[in-house]
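Here are my notes on this model, point by point. Keep the structure open beside them as you read.

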Amino acid sequence: MSEPAAELYSTKADYAYLRVKERILSGELPPGSVIAQARLARDIGISTTPLREALRRLKSEGLVELDAHRDARVAPLAAEEARDLLEMRRSLDPLAVALAAERRTKADIAEMRAAAEGLKPLPGNPAYEQLVAHRRFHTALYAASHNDLLIQTLDSLWDKADRYRRLALEVERGQTARDRKAAEHEALLEFVIAGDAGSAAEVMREHIDTSLGAQAAWRLRKHSPDDQDEVDA
């Protein structure tokens, strides 16, 4: 992977944070894997001190685990977290697009249209850039709500959710499912621009209920030992 120069960032810790985060979300550092800190620091062209600072920041976001011996690993995927993310998004995403339909400006509409250009449903093994494009579209919708707390909350959920999307994509989606997601994106854009808050929220609820995150939550719950114990009881 070609890394941009660390000098382009305000601090080396910021640079390390973005590079490690990208490797986690791209799947290059898979869930549960040990982070070889000396080698990783060398790969991205920094010392271990800013890397440690970056890992502490990623820990606060739930993407990395650090123990008392300074060992680090990528946080594993968990059925409970997948469920929690799905529950949050079922409530907050429809609210965001409903507010966006009521409050969008001409600048918001221009950004939403730009983000929607060329947007396609995620493939089975998405590149980091494809995840970014998907995020840009949803971020444009959220931003049009002009509710800063809501935008910040949804933004903080997105990185965690991307890891579960990647898990769900391990099972190849058929063309019908991919076409459905593309149609939902088009409908969301249309209803928000038209100012139809109710329809935008309704489409978003359906979008979340059939999302990759929902599929990942179901897969993890199906294979959860605790859930199996409940079934056996």
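1. Start with the largest nonpolar core, which has 42 residues. Within that core, the residues with the most contacts are V97, M112, L141, L154 and V192. Remember throughout that this is a predicted model.

2. Which helices build this core? At least two residues each come from α4 (79-103), α5 (106-116), α6 (128-143), α7 (148-168), α8 (175-194), α9 (197-209) and α10 (212-222). The largest share is that of α4, with 9 residues. As a general rule, nonpolar side chains in soluble globular proteins tend to be buried together.

3. Now pick out L154. Set aside its neighbours within four places in sequence, and L154 is in contact with L92, D93, A96 and Y142.

4. There is also a second, separate core. This one has 20 residues, including Y15, L40, I44 and V74.

5. Look next at α5. Which of its residues are buried? They are D108, I109, M112 and A115. Viewed down the axis of α5, these buried residues fall within an arc of 130°, so they line one face of the helix.

6. The buried residues of α5, for their part, pack against α4, α6 and α8. After α5 comes G118, and its phi is positive, near 75°.

7. Take the pair α5 and α8. Their axes are 11 Å apart, and the helices pack at an angle of about 170°. Angles over 145 degrees count as roughly antiparallel, so α5 is roughly antiparallel to α8. On the α5 side, the contact is made by I109, M112, R113 and A116. On the α8 side, L189, V192 and I193 take part.

8. Compare the pair α6 and α7. Here the packing angle is about 155°, with the axes 11 Å apart. That makes α6 roughly antiparallel to α7. Is their crossing left-handed or right-handed? The crossing of α6 and α7 is right-handed.

9. Finally, check which residues meet between α6 and α7. From α6 come L131, H134, R135, H138, Y142 and A143. From α7 come I151, L154, D155, W158, D159, D162, R165 and R166.

Note on methods. Residues numbered from 1 in each chain as written. Predicted model: local features only at pLDDT ≥ 70, side-chain atom pairs only at ≥ 80, totals over all residues. Heavy atoms only, no water. Core = buried A, V, L, I, M, F, W, Y, C linked by side-chain atoms within 4.5 Å. Buried < 20%, exposed > 50% of the residue type's maximum accessible area, 1.4 Å probe, protein only. Helix = DSSP H or I, 4+ residues; strand = E, 2+ residues; numbered from the N terminus. Contact = heavy atoms within 4.5 Å. Arc of directions from axis to C-beta. Axes fitted to C-alpha atoms, helices over the stretch in contact; angles between N-to-C directions. Parallel < 35°, antiparallel > 145°, perpendicular 65-115°, else oblique. Left-handed = near helix turned anticlockwise from the far one by under 90°.
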